[in-house]
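Trainee: I would like to learn how to read a model like this one. Could you take me through a few features, with the general idea before each case?

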Amino acid sequence: MTPPAIDIRQVTFRYAVAGTAALDAVTAAIPAGSITAILGPNGSGKSTLLHVLLGLLQPESGAVHVSGRAQHGFSRRELSRIMGLVPQDEHVTFELSVFEYALLGRAPYLNLLSLPREEDRAVAQAALESVGIDALAHRPVTSLSGGEKQLATVARALTQAPEVLLLDEPTSHLDLANARRVLGVMRSLRGQGRTILWTTHDPNAATAIATDVLLMRNGRVIAHGPLAEVMTGPLLTATYDVPVQVIDVEGRRVVMVHE
Amino acid sequence: MTEIRTGTLPQVSDQERQGRRRVAILAVVLLALVGVSLFLGRYPGPYWTPLSALRDDALAQRLVLNLRLPRILGAVMVGMVLAASGVSFQMIFRNPLVDSGFLGVSAGASFGASLAIVALGGAPLTIQISAAVFGTLGLVSSYLLGTRIRYGDWVLRLVLAGIAVSALYSSGTSLLKYAADPLRQLPEITFWMLGGLWSLTWADILQIAPVVVPCLLVILLLRWRLNLLSLRDETAYSLGVSAGRERLVLLLAAVLATAAVVSKTGLIGWVGLIVPHIARRWVGSDAQRALPGAMLLGALFTLFCDDIARTALTGELPLGILTSMLGAAIFMALMIRDGAGMRR
Amino acid sequence: MSFRTSRLLLAALVLVTLLLSACQSAETGRPVAELEAETTASPVIDVLGVAYTLAELQGLEQVTATAQDRTATGVGLLALLNDAAAANGAALPETVSLVASDGYFANVTIAELDGTAVLGYSDEGTLDALIPTLAKSTWVRDVAEIVGPETADTSAPQGIEPIPLDEPLTLTDAAGRTVTLDALPGRIMVVGTGPHMTLHILYMFDEGRERLIATESRAATASEFLPFVDPAFSDVPTLAANPNVEQIATMAPDLVIMKGLVENETGKGLTQAGIPYLYVNLESMDAFFTDLANIGAVLGNAGRAADIAAWYRGALEGIDAALSDVEDKPEVLLVSYSSRGGEVAVKVPAQAWMQTAEVVRAGGDPVWLDGAAFTDGWTVTNFEQIAQWDPAKIFVIVDHNLQPREVVDGLKADENWAALQAVQNDELYAFPRDVFGWDQPEPRWILGVQWLATRLYPELFGANAPYAIDMEAVTRSWFREMYGMDEAAFEEHILPRLEMNVD
């Protein structure tokens, strides 16, 4: 039985010493090779959880295991070879080309004084191809549309050759067409032994491609499991505190909010 | 680690190839200008020194070897340092509108040098160290102040903070000038602030080279990291980059080199601001090419201006004035053209 | 490409225009005395020593010539040359030089001229040569004079050959440097700030006048006084401000004298070029004697320096002796009064300056030194402070743009100043001056000290007093001893400008 890609055990995190817990004894075992969507209202702790997994934030109690090893046992470089982050909005100030930008993902494999080599360039090229934007390779990142920029960021994260890809609200500010494109790419990435963990506030995006769903509210896990089990009206209503109905349309779940 | 699926072998883009070629062109042009500059001067006659003079006139030989050559090298060094610092500051602070002038480094270094002249004895080493210390302080104050301003986006905040800190140090320098002994100290300060490479001798070069060369090497070796540091902190972290440490090393190298150079030559403005822009435009934004490109272009620009400063008229023109005039004119032209490449 | 390039070209054009306009204001070694009004009645050109007005040129044969793309109408060049030669009663030389007002010149062989050579009248009022038979480089624009070969280019002073010494001369200059000379310099340059101070000492020596070859000036002229002492001073080239070392080197000086107390950039450069240089201080009485001795030494006339020093010391000792029993010193205020752009500024001098030293030496008690001055320069003072001091005597150094009489009358009429005891007792004086003020750290300081003594202690130094100083006699004596000015020269040049009795 393959160990979970990420095993989150009783993680509690507070931003202020005496404040409310942003994460309250969160426990979840993310299955390897899954596409797990983290859903929840604003302030439920979704982004906080990602940051803890990355190691940006230290939990006050609990543990995180990545690929069977304790997270704090990894050096930062090692961890970044395993986990890649696609942030919500990457603001690139200078006009790097898409290829040069993707190449930045090779940082975990280069030490301070090294410059990217042929093999690094090959990996970056492959990442661009798997995301489907190799035609844009030499355009400046700053000239891309929203969706294309998001894909470029995905490519950059892929260049890290990570086992786990973390995405923070990847489609939240994209229009339908671009969102569809990005989701499609995410789905295709799964097929290479990768685990994908992503946050979103749109349940319908989750139903499009997720295999597993993690529901959160107020820093607590409401439910976690395969899509079919967790994406139900009652659970979603409990999560969002609004009446939610889930209906089946041509074999696909659609989430509707009641008036 | 998952298996790397390598696709088609990536072609070096035409852009990249062109960028590299252009960097090489800049290097060649710089060497050529250095050679030409050896023949420019006012002795024995204005503008061009004929080969016969160099061959036969002992004074001409002495002037070329002891005055012109170190001055030319000095100009090259100054240009490289200011441009490299400019690129580093711009990428680290993710702000194409800054250079050491805007971030309180130059104003701080001036203050430090003036303080050394007025109150600390005025020995050359003291001036250099004082300029370096206060230059660094200027940068730190600008950065800290920028994080505390609650107006505008990061770009604006940093520039505002830098302007405020620079103004503070400038008034400090004015106060020192007011208190200075007009016979001894004031002329030294005033001359220093005008910015010039008058009579830069081999001794001066040997004093600043041990600081400048290693610092430039550090920045050059770490140039790819500049790309990384221009990303968000979060992203850099996720890429395993110790952003704080790397920024510190690069900033320290930039400030030390700038302060060392400024302590000998005074304030020379605008090079650090516009040369990185033009270099990026010409050879690409990737720091792998933009940094060496900017360094070469900065050296060219400064050397060109200094050649004019010492050759055009019978009297010396202050270099700082020339670089400001030319730099400001080019900057205005660029801004009109397309907003200096800033993207929202 | 075009848009960007055009913008860059525009920027370059602006820059070049600015530089060119700066060019025109830089002097290029042109003798100071050539400042003629441009009217048709005054001479516009000097040909072989003969001056011609425009009307006289128009009276000679007129020629119109065309060559390449230019046409000129004016006086025929050959006709002009022949006329000048006839006026001289001499034959035409074989070659002449056409010299432009900026110093550019071209040599022309007479035999190669014909009736088409013309000195045309340009639209700007200059005389431009057009010589169709010769190369364009001879078509000199703005011709100011035409000289024969033996007189060409000797207007600038040449100095003399260095005088070798049996033993090297070693001096310590004002910056504490040890200067060693193997030969006495024959070509001396004075550069840097305040050149007039050094020049005025230099011109006390015949050797100095002979060996000065160039000076620099930050203002328009190096000295308004020296042309009265030696008319040849007008021929000394004045370099534009901040010459760099290469520019200095083109004049091949044997010694460069600069005013300064620390090694400056020019000095460093001169070291690299192997040109000896000397710093002078001149800001205090002691410094004056040291610098005077140094200058005398490098000119090879230590005896003259000693004589000058003896004159000064004699005067000072006379005052010291008279003051030896004095216990109560009058409180004195010395201020400079200037009005720039409508703003009146009253300032007190720094503690270490000559102005203060003159007051102290003449036996005064300088009130402004209580409460240490914040700066080491002129410090602005306001009337409240002056009222608080309420000194016994007030001396006002009036800015050279203003009239001392007007300033003093104005102050006396001012109701604030009228309340001061000094004004009520008629003890407000304008500090004396002739071409230069007597307060400055230039050689006239000795006159300032003596004059101050007569005003501070009239009972000791006034007319008929035990140690009487007759200032007019002393002044005449000084100009005669120091500069060889006889009575006639003194009365023509100095007396009209002398103001020492304004109170």
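**Reading the model together**

Mentor: Let's start with a helix: α8 (residues 265–273) of chain C is mostly covered, with 7 of its 9 residues buried. A residue is buried if 20 or more other C-beta atoms lie within 10 Å of its own, exposed if 12 or fewer, and partly exposed in between, with C-beta atoms placed from the backbone. Helices (H or I, at least four residues) and strands (E, at least two) are DSSP runs, numbered from the N terminus. This is a predicted model, where local features need pLDDT of at least 70, side-chain atom pairs count only at pLDDT 80 or more, and totals for chains, interfaces and linings use all residues. Residues are numbered from 1 along each chain as its sequence is written, while chains are lettered from A and ligands numbered from 1 in the order in which they are written.

Trainee: Which residues of α8(C) are buried?

Mentor: A general point first: an α-helix has 3.6 residues a turn, so residues three or four places apart point the same way. In α8(C), the buried residues are C:Glu265, C:Thr266, C:Gly267, C:Gly269, C:Leu270, C:Gln272 and C:Ala273. Just after this helix, C:Gly274 takes a positive phi of about 75 degrees.

Trainee: Is C:Val359 buried or exposed?

Mentor: C:Val359 is found in helix α11 (residues 354–361) of chain C. C:Val359 has 27 other C-beta atoms within 10 Å, so it is buried. Not counting residues up to four places away in sequence, C:Val359 touches C:Val332, C:Leu334, C:Gly364, C:Pro366 and C:Leu452; two residues are in contact if their C-beta atoms, placed from the backbone, lie within 7 Å. C:Gly448 is 89 residues from C:Val359 in sequence, and their C-alpha atoms are 8.9 Å apart in space.

Trainee: And where does C:Gly194 lie?

Mentor: C:Gly194 lies in the loop between β12 (188–191) and α4 (195–202) of chain C. C:Gly194 has 19 other C-beta atoms within 10 Å, so it counts as partly exposed. Its C-alpha atom is separated by 9.7 Å from that of C:Ser223, 29 residues apart along the chain.

Trainee: What does chain C average in pLDDT?

Mentor: pLDDT is the predictor's confidence in each residue, from 0 to 100. Where pLDDT is low, the predicted coordinates should not be read in detail. Chain C averages 84, and 88% of the residues score at least 70. Over residues 21–40 of chain C the pLDDT is below 50, and this stretch has 29 contacts in the model beyond near neighbours in sequence. The model scores ipTM 0.88 and pTM 0.75.

Trainee: Now sheets, please. What is the strand order of the open sheet in chain A?

Mentor: Strands of a sheet pair through backbone hydrogen bonds, either parallel or antiparallel. Here, two strands count as paired if DSSP finds at least two bridges between them. The open sheet of 6 strands in chain A has the order β6-β7-β8-β3-β9-β10, with mixed pairing. Its edge strands are β6 and β10 (220–226), each pairing on one side only. Within chain A, β3 (residues 35–39) and β8 (residues 195–200) pair in the parallel sense over 5 bridges, and A:Ile35 stands opposite A:Ile196 in β8(A).

Trainee: Which strands of chain A run antiparallel to β4(A)?

Mentor: Strand β1 (residues 6–14) of chain A runs antiparallel to β4 (residues 61–66) of chain A, joined by 5 bridges. A:Arg9 has A:Ala63 in β4(A) as its bridge partner. β4(A) also pairs in the antiparallel sense with β5 (residues 69–70) of chain A, over 2 bridges. β4(A) and β5(A) form a hairpin with 2 residues between them, and A:Ser67 in the turn has a positive phi of about 50 degrees.

Trainee: Last one: how many residues do chains A and B give to their contact?

Mentor: The size of an interface is often given as the accessible area lost when the parts come together. For this contact we have residue counts: 41 residues come from chain A and 36 residues from chain B. α4(A) gives the most to the side of chain A that touches chain B, with 7 residues.
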